[in-house]
Amino acid sequence: MRHQSTLLSAALGIGLAAALGTVPATAATTASPTAAASSSYTAYAGSSEDARATQAFFDAVVKSVAEKRAAHPGVKAVTVVYSTSSAPSFRSQIAQSTQIWNSSVSNVKLQEGSGGDFSYREGNDPRGSYASTDGHGRGYIFLDYAQNQEYNSTRVTAHETGHVLGLPDHYEGPCSELMSGGGPGTSCQNANPDAQERSRVDALWANGLAAAIARVS
């Protein structure tokens, strides 16, 4: 877990990477386990869940969506808008993650567009990929190059997006559980939330959005 001085929360990420690469993960979406990957996995699986930080990001995004709904009361769809302009290398993985989540849940939809509720970013970071928010309706998902070469990149992206939708890390879970992140190791290829995770997101958005709309109306 880590905290940035200018942000309320950070390190909601899929974990830590032991070593950084310098080549963007534009094509490599998975990698077979290696000694280097095993080193990274040790840190990855050992990362601590920060439920408060996940809640802060979820609350910030819900607040942003609720404010737009209040300004346009005729809009019925619950849509969370994101930007990929700062993560061009991961546009394919982000599109796959969006498709996965949009086909998995019914109470909220993700959509790329302007005036986003959050954004994706990319780069090198020894702390790996993570989700972060300022607590005021703006946040971002950072996708680390090296980590996305070691682990299934679509799983990494979908996992981090799960934080935006309100799900905390659960590293001790099986590969079938998306929010187990890197716990199952680099061989895990599953990028889909399980039934419990899908149900949880639908419940969070049904109840959380209603409360947020009531506060801003």
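Student: Which residues line the largest pocket?

Tutor: This is a predicted model. In it, the largest pocket is lined by Leu167, Pro168, Asp169, His170, Glu177, Met179, Asp194, Gln196, Glu197 and Arg200.

Student: How is empty space found in general?

Tutor: A probe the size of a water molecule is rolled over the atoms, and this shows where space is left empty. Here, the largest pocket holds about 170 Å³ of space.

Student: How many nonpolar, polar and charged residues are in that lining?

Tutor: Five are charged, three are nonpolar and two are polar.

Student: On to the fold. How many helices and strands does the protein chain have?

Tutor: The chain has six helices and five strands. Along the sequence, their order is α-α-β-α-β-β-β-β-α-α-α.

Student: What share of the residues counts as buried?

Tutor: Buried means under 20% relative accessible area. By that cut-off, 53% of the 217 residues in the protein chain are buried.

Student: And how do I read contacts along the sequence?

Tutor: Take contacts between residues at least 6 apart in sequence. In the protein chain, 71% of these join residues at least 24 apart.

Student: Now the rings. How many aromatic pairs does a search of the whole structure find?

Tutor: Six. One of them is Tyr82 with Tyr120. Planes over 60 degrees apart count as edge-to-face. The ring centres of Tyr82 and Tyr120 are 5.4 Å apart and their planes stand at 90 degrees, so this pair is edge-to-face.

Student: Where do Tyr82 and Tyr120 sit in the chain?

Tutor: Tyr82 is in strand S1 (residues 79-86) and Tyr120 in strand S3 (residues 118-123). The two are 38 residues apart, and the pair links distant parts of the chain. Both Tyr82 and Tyr120 are buried. Ring pairs also bring in Phe118, giving a cluster of Tyr82, Phe118 and Tyr120.

Student: What about Phe90 and Tyr145: stacked or edge-to-face?

Tutor: Planes under 30 degrees apart count as stacked. Phe90 and Tyr145 have 15 degrees between their planes and 6.2 Å from centre to centre, and their pair is stacked. Phe90 lies in the loop between S1 and helix H3 (91-104), while Tyr145 belongs to helix H4 (residues 145-150), so the pair ties together parts 55 residues apart in sequence.

Student: Why do Phe90 and Tyr145 count as buried?

Tutor: Phe90 counts as buried because its relative accessibility is 0%. Tyr145 counts as buried because its value is 11%.

Student: Which residue lies over the face of Tyr140?

Tutor: Arg121 does, at 3.8 Å from the ring centre.

Key. Residues numbered from 1 in each chain as written. Predicted model: local features only at pLDDT ≥ 70, side-chain atom pairs only at ≥ 80, totals over all residues. Heavy atoms only, no water. 1 Å grid on protein atoms, 1.4 Å probe; cavity = no way out; pocket = protein on both sides within 12 Å on 5 of 7 lines; lining within 4 Å. Points joined across faces, edges and corners; volume = space filled by probe spheres on them. Nonpolar A, V, L, I, M, F, W, Y, C, P; charged D, E, K, R; others polar. Phe/Tyr/Trp six-rings, centres within 6.5 Å; stacked < 30°, edge-to-face > 60°. Helix = DSSP H or I, 4+ residues; strand = E, 2+ residues; numbered from the N terminus. Buried < 20%, exposed > 50% of the residue type's maximum accessible area, 1.4 Å probe, protein only. Lys NZ or Arg CZ within 6 Å of the ring centre and 35° of its normal. Contact = heavy atoms within 4.5 Å.
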